[in-house]
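Please examine the chain shown below before reading the briefing. The notes that follow begin with the chain as a whole and then turn to a single residue.

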Amino acid sequence: MSVLISANPRVQCKKCGRPATVRIRYAKLNLCSEHFTEYIEERVAKTIERYKMHSDLKKLLIGVSGGKDSMSLLYILSKLKSRYNIEIVCLHIDLGLNNYSEESKSIIIEASRELGIPCLIISLKDLIGYTLPELVEKSKRPPCSLCGMLKRYVLNLVGLEIGADAIALGHHLDDILSFALKDFLLQDLVDFSKMTPITPGIPGVAAKRIKPLYEVYESDLELYAKLKNIRVVGANCPFKYRDPITTSARKMLDELEEYAPGFKISLSRKLARNASRYVQGESIILCKYCGMPSSSGICGFCKLTMKVMGEPKGREAREKIRKLVDSSSFNN
């Protein structure tokens with residue numbers, strides 16, 4: 001992980017000799033602010049290349065929430081897009097979380113204009129007639145589980161409709177490892193097997209997913225956003241929750257990292273090599289209502305809308321998204 005240090009003429013930037021402002025413990029590097037941000041951008045590039053995320057990649061959809069992780073990813077990939085000759089589109093899903101959602105939306109619109117990246121905003125209320133808090137109340141499901149399912153579904157639909165070769169997610173090293181350890185402890189090997197840099201797609205059904213921040217620490221992203229003056233949403237999500245198992249897993253990983261800097265990066269590379277071996281040939285059944293992936297013949301989105309609204313809304317949601325995409329400037 002990286003930490004800010006007080007400017008001291010005797011502690012020099014490894015690249016330029018100016019006073020260093022950041023210490024990268026796992027790399028044993030002292031860098032000035034300018035060279036630290038360049039280091040993080042290059043680290044993401046090396047991650048993309050290490051795992052061949054750029055292979056056959058022409059159009060990339062980025063899911064952006066307004067937080068430091070996805071906003072840093074948006075800025076970093078905007079700098080790298082010419083390097084890989086890719087077209088970038090960003091998507092924000094407005095969950096209807098009052099001031100939190102309004103601030104997030106404002107930040108993302110401003111950033112996309114600054115970076116010259118097309119941005120699609122999809123309101124959950126417009127899509128199915130309910131905000132996330134309303135769906136939580138009606139379905140009685142845990143908010144984070146519900147939010148994750150809805151985001152995955154909408155991201156996938158948009159990715160398919162715009163013809164994206166992949167969807168980029170802002171999951172960083174610390175979250176990936178803590179979730180992977182939790183999944184392993186609970187023996188949820190299906191989810192554990194997905195903790196890899198790339199989740200392959202299914203043509204016409206599921207877009208490929210990539211995690212360019214797979215080897216980037218959360219502290220690196222915090223410093224990157226701060227030093228680049230990237231505007232991020234100030235408040236926490238009103239539903240933010242970290243369960244005790246994930247919290248304990250992360251604490252253990254942090255202690256190991258403190259003892260052996262670079263441990264998490266080494267572990268992430270082993271996870272990338274081995275995680276998918278735990279589940280071979282996972283059964284995918286297309287939803288009988290909307291044609292999207294499911295494990296039982298009815299996808300989570302259609303199950304939710306059947307419970308809340310009395311009928312599956314997956315096909316209707318896809319048609320609405322198709323119309324939004326067709327009316328936008330980045331349609332196929």
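**Briefing on the chain**

The chain contains 13 helices and 11 strands. The model is predicted. Buried residues account for 49% of the 332 residues in the chain.

**Overall dimensions**
- A compact globule of 332 residues would have a radius of gyration near 20 Å, and the chain agrees with this because its own value is 20 Å.
- Along the principal axes, the C-alpha atoms of the chain occupy a box of roughly 70 × 45 × 40 Å.

- Of the contacts between residues at least 6 apart in sequence, 68% link residues at least 24 apart.
- The chain exposes about 16,000 Å², and 51% of this area is supplied by carbon and sulfur atoms.

**A residue in detail: Pro 212**
- Pro 212 is located in the loop between strand 9 (209–210) and helix 9 (218–227).
- The relative accessible area of Pro 212 is 1%, which is under the 20% cut-off, so Pro 212 is buried.
- When residues up to four places away in sequence are not counted, Pro 212 touches Val 44, Thr 47, Ile 48, Met 53, Leu 73, Leu 77, Ala 168 and Leu 169.
- Pro 212 and Lys 81 are 131 residues apart along the chain, and their C-alpha atoms are separated by 13 Å.

Note on methods
Residues are numbered from 1 along each chain as its sequence is written. This is a predicted model: local features need pLDDT of at least 70, side-chain atom pairs count only at pLDDT 80 or more; totals for chains, interfaces and linings use all residues. Side-chain values use heavy atoms; hydrogens and water are left out. Helices (H or I, at least four residues) and strands (E, at least two) are DSSP runs, numbered from the N terminus. The radius of gyration is taken over C-alpha atoms; the globule rule is 2.2 Å times the number of residues to the power 0.38. Buried means under 20% relative accessible area, exposed over 50%, partly exposed in between (1.4 Å probe, protein chains only). Contact means heavy atoms within 4.5 Å. Accessible areas come from the Shrake-Rupley method with a 1.4 Å probe; for residues, only the protein chains shown count as cover.
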